[in-house]
Each structure stands twice: as structure tokens, then as C-alpha cells.
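Hi,

Here is the structure I said I would pass on. Have a look at it first, and my notes follow below.

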Amino acid sequence: MNGAFAASILAAAAAPAAPSFDWSAVRGRLLAELYRFLAAAPLLLVALLLTMAAWWFGGWLARRTLIDCMAGTNPFLKNLLATTLRGGCALLGLATGLQLMNATAIVGALLGTAGVVGIALGFAFKDIIENYIAGVLLSLRQPFRPHDHVRIAEHEGLVMAMTARATVLMTLDGNQLRVPNAIVFKSVILNFSQNPSRRFEFDLSAPFDGALEATQARVRRRVEAVDGVLREPDTDVLLVSSGDGKAGVRVRGWIDQRRSDIDQVRSAALRAATAALQADAAAPEPAAAAAPARPGAPERTHQHLLRAGEAAAGSRDLLDPAAPAE
């Protein structure tokens, strides 16, 4: 019994002791890293000050008159140049600070990460980037001026503003419409305001007889007498078809769209031409037909749409009224 007990004691003494965690190694490693950080603190401070100084210098450059000279009166180009200068100077200061701390590996990692993140963001925000770039190009080219009457694709209205994302139109029925800049840039743009003269036309049916030439002359005189129809360019009355004793007649006239509404003048001209076809050739010419519109009605409608559009736009206009049109 005593021998067995002694043997168990000897076996327990011979067994290896359980391992214990050495906190001294961890403490030593943390102290070493702390000393390293404290040793690098002056360089880190210098790097931070250098980055902040570069950012301030970029902002100072962005506020110089050089930006105004380069961008002219285009606010979009001003913002773009200012942001590029400020960001470029900040990145240059950051790269110099990292180089000062001998952290070139971090620079490479940052550039690689920025490239991957840039690709991911490019796919995620493709439409936003596309509209932004289209806005840059449109602000440089200036294909229309503020308050121009335009038709972009199937959209028609008065140009109120152009933002970094969309072109704001006030439609002729009084609704605000935002067309993405990418669509504006790629679409066919019809600008009604570049030339004040605008042509209208309509077709009529006249008896096909020997007096057709006299009928054409009578229709031309009646249409030219309508208030709002211009004498130059000339009004045309053309024969476009014939058959079954009838002749198709096409009437073309011109208005000054700054003073007259094309729909009202076309309506008055259509009534005058219809009356000319129904009248006897020997009958005296009636007094000049007048478009049924109050004096200045087109201008009042135009100003009403502009006031409504300016009140609803609420965004910075990137169009320059003084810039040469494309």
C-alpha cells in the first residue's frame, strides 16, 4: 500500500506542468510598438501638417482669378476646376507625407484600392457619371440659352436651368420637366428661338377648274392680309395634288414668333383661306382678317411660363446667357 502511494506521488511529480500564458511577451510587444509610434510621432505630425497645408494651398489656388479667366462666366466649369485643383493638391500633399514617413507600400495599397473602388463606383453610378459628363460638355458648348424655346427629342418647352444632372424645361402647358443631360447631349435639339421667323402651313381642297390660278392668288392675298403674317418671306400657295375634280392646295406663311402665337395666326389664316375658296372671284376683297388674340397675349403667356419656371427651378443655372451659342 505504501509502495503504491509512493509510486503515484512519483508519477505526479514526473508529469509535465500545464502551460501558462506569458503576459510579459505581450506587454513587451505593446511597449515596443508604443515606443515606435512615439518615435514616429514627429514625422506623423509633419505629414499631417503637410497634407493640411496642401489642402489649404489648393483652396487658395481655387479662389484665384486664374480660375475665372480659364472658366469665363461658366459656373459649372469654375466648380470643376476649383474642385480638381483642391483635390489634386490634397492628394499630392498626402503622397508626400506618406513618402516622408517611408510608407510607400501604403501609397501603392491606397492607389490600388482607389482603382478598385473607382471601378466599382463607376458601374454603380454609371447613369450619374454619364449625366455629369454630359452636363460638363453641354455647359462648354452652350447649345441653347436660358429661356430659349426648344424641342429635345419629344420634349418641348422653355429652358429654365441646367444642373449637373438634368436640363430643366417649363413645358408650354405649364409643367416643369427635367430631362437628363445624357439624353439632351445625345438627342436632336430643335431651337425655335435662334430665328424669330417661323413658318406655318396647312392644306386645303379647292375646285380643280380653269380659275385655279386665280384662286391661288386670291388665297395668297387673303392670307397675307391676316394680322401677324409676315410679308417677307413670301406666302406660298402651292398645288400639291389633283383628282376627282379637286385640287390639293398647300398654304405656307411666316410669323414673327416674338410677337405672334403660331397657332392663333395659323387659325386666322386658315379661316381667311377657306373664305377665299368659298367666295366668288368677282367679289370684292374683304377687310384684313385679324388673329383673335389680345394685344401682347403671346408675350404675357411667355412671361407667365418663365416666372413659373424660375420659381420652381430652385437650382443653380449652369447656362451662360453671354456665351456664344453653338
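This is a predicted model: local features need pLDDT of at least 70, side-chain atom pairs count only at pLDDT 80 or more; totals for chains, interfaces and linings use all residues.

**What I found**

Is D256 buried or exposed? Its relative accessible area is 6%, under the 20% cut-off, so D256 counts as buried. Leaving aside residues up to four places away in sequence, D256 touches P196, G228 and L230.

As a place to begin, R198 has I255 in β8 as its bridge partner.

**How α8 and α9 meet**

In general, two packed helices are described by the angle between their axes and the distance between the axes. Here, the axes of α8 and α9 cross at roughly 145° and come within 8 Å. The crossing of α8 past α9 is right-handed.

Which residues make the contact between the two? From α8 there are T215, R218, V219, R222 and V223, and from α9 there are A269, A272, A273, A275, A276 and L277. Sorted by class, this contact has 8 nonpolar, 1 polar and 2 charged residues.

**Aromatic pairs**

I also went through the rings. How many aromatic pairs does a search of the whole structure find? The count is 2. For F57 and W60, the ring centres are 5.9 Å apart and the planes are at 25°, so this pair is stacked. Both F57 and W60 lie in helix α2 (residues 23-62), 3 residues apart, which is about one turn of the helix. With a relative accessible area of 39%, F57 is partly exposed, and W60 also counts as partly exposed, at 33% relative accessibility.

The other pair is F200 with F202, also stacked, at 6.3 Å centre to centre and with 15° between the planes. F200 and F202 are both buried.

**A hairpin elsewhere**

One more spot to look at is β1 and β2. Strand β1 (residues 149-152) pairs with strand β2 (residues 155-162) in the antiparallel sense, over 4 bridges. H149 stands opposite L158 in β2. The two strands form a hairpin with 2 residues between them, and A153, in the turn, has a positive phi of about 55°.

Strand β1 has another partner too: 3 bridges join β1 to strand β5 (residues 189-191), and this pairing is antiparallel. Look for I152, whose bridge partner in β5 is I189.

That's everything from my side. Enjoy browsing!

Key. Residues are numbered from 1 along each chain as its sequence is written. Side-chain values use heavy atoms; hydrogens and water are left out. Two strands pair if DSSP finds at least two bridges between them. Buried means under 20% relative accessible area, exposed over 50%, partly exposed in between (1.4 Å probe, protein chains only). Contact means heavy atoms within 4.5 Å. Rings of Phe, Tyr and Trp (its six-membered ring) pair if their centres lie within 6.5 Å; planes under 30 degrees apart count as stacked, over 60 as edge-to-face and the rest as tilted. Axes are lines fitted to C-alpha atoms, for helices over the stretch in contact, and angles run from 0 to 180 degrees between N-to-C directions. A crossing is left-handed if the near helix is turned anticlockwise from the far one by less than a right angle, and right-handed if clockwise. Ala, Val, Leu, Ile, Met, Phe, Trp, Tyr, Cys and Pro count as nonpolar, Asp, Glu, Lys and Arg as charged, and the others, Gly among them, as polar.
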